Amino acid sequence: MRHLNLLEGFLMYYRAEQILSAYPKEFTGNMKGRGSILCTDREGIYLLKEYTGSLHRLELMEEALRYLEEQGFLAEELVRTGEGALLFTDIDGMSYFLRKTFQGRECDTRNAQEILCVTRHMADLHRLLSGFRPACEEQGEPKRTAPQQSLAQKHTRELKKVKNYVRAKKKKNAFESEFLRGYEHYMEQADKVLELEKTQCVPEGALQLCHGDFNQHNLLFTRDGLAVIGFDKLRYDLCVSDLTNFMRKILEKHNWSSGLGMDMVMAYNSVRELAPWELCQIYLKLLYPEKFWKIVNHYYNARKTWVSQRDIDKLTRLSEQEIKREEFLSMLFYLVK
């Protein structure tokens, strides 16, 4: 096994060297990072990452990052090859892109002041991106129209599918028993969201470019200030999608603290004022049992012959936090009424 790991490491290093030679940089070394190759030169630090999206999306990312930099916002920079291409495709047909990034520490999710600072920074990012008009928009992509079917509808259908699968089994494991115990409770929340969605009206033109993956791993405190990285999932969406995704991750770590949750909403609102319909969207997105769906979806798409104890623990912890989560949602409901 050790020899296989050494061989894999050698092949990875050799492939990285081959790819990096296509760029007009004098790299001094590289090492494996989180889903990427980390490399450096005299000017700074870079990330080489495999890419499966469209070239158009990458062009949009390059243009958006350049715009943010012009506005004084700390943003990464996409690096083109010596031939001027954004993508490099190797002999195996795999595509890669290189970006110049930052060195710093991630947001401390235990520090409330840092969390609120980051939340205000997110609002500033959205405020700036609202004024961004990409040249590639003339090509008609990506679409700015809202999908016909909400994510809540799709996820609810999937939960019902899993329920039918589990109930048909004669012998149920620990995960499946825990899933059935909580199913009706979480489905009540899902059905409520679907009903309330019918009464909501999202204004024309409400979609704008958003980060798409705003979390503590993509936030770095550097010597030059706070930097947002990892724009790989940049897309047209509602701004509150970034906000609620971040809030959910943070509040799960803080046992759904109502005080912190409301402070995050207020911090965002202090930089970019939230419209009444956006406050309603925040409530709906946080009311939907997204974490329950995520855990169940992981179970359903994995091998059924062996259930991860980690998934069982996650489902149990979710149940333990539910009272605090409902307290926060009740407080948020009175804000949006």
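The model is predicted, so local features need pLDDT of at least 70 and side-chain atom pairs count only at pLDDT 80 or more, while totals for chains, interfaces and linings use all residues. Residues are numbered from 1 along each chain as its sequence is written, and side-chain values use heavy atoms, with hydrogens and water left out. Helices (H or I, at least four residues) and strands (E, at least two) are DSSP runs, numbered from the N terminus.

**Packing of α7 and α10**

- Helix α7 spans residues 258-271 and helix α10 residues 309-336; they pack at an angle of about 35 degrees with their axes 9 Å apart.
- Axes are lines fitted to C-alpha atoms, for helices over the stretch in contact, and angles run from 0 to 180 degrees between N-to-C directions.
- From α7, S258, G261, M262, V265 and M266 meet E327, F328, M331, L332 and L335 of α10, where contact means heavy atoms within 4.5 Å.
- The residues of this contact comprise 7 nonpolar, 2 polar and 1 charged; Ala, Val, Leu, Ile, Met, Phe, Trp, Tyr, Cys and Pro count as nonpolar, Asp, Glu, Lys and Arg as charged, and the others, Gly among them, as polar.

- An open sheet of 3 strands runs in the order β7-β9-β10 with antiparallel pairing; two strands pair if DSSP finds at least two bridges between them.
- β7 (105-106) and β10 (225-228) are the edge strands, each pairing on one side only.
- β7 pairs with β9 (residues 219-222) over 2 bridges in the antiparallel sense, and R105 has F221 in β9 as its bridge partner.
- T109 sits in the loop between β7 and α3 (112-129).
- Beyond residues up to four places away in sequence, T109 touches I115, Q216, I250, K253 and H254.

**Nonpolar cores**

- A nonpolar core is a set of buried Ala, Val, Leu, Ile, Met, Phe, Trp, Tyr and Cys residues joined through side-chain atoms within 4.5 Å.
- The largest has 85 residues, of which L68, F175, F179 and F246 touch the most other members.
- A second, separate core of 11 residues includes I19, Y23, I37 and V79.

**M187 in α5**

- M187 lies in helix α5 (residues 174-197) and is buried, with a relative accessible area of 4%.
- Leaving aside neighbours within four places in sequence, M187 contacts T156, L159 and K160.

How values were computed:
Buried means under 20% relative accessible area, exposed over 50%, partly exposed in between (1.4 Å probe, protein chains only).
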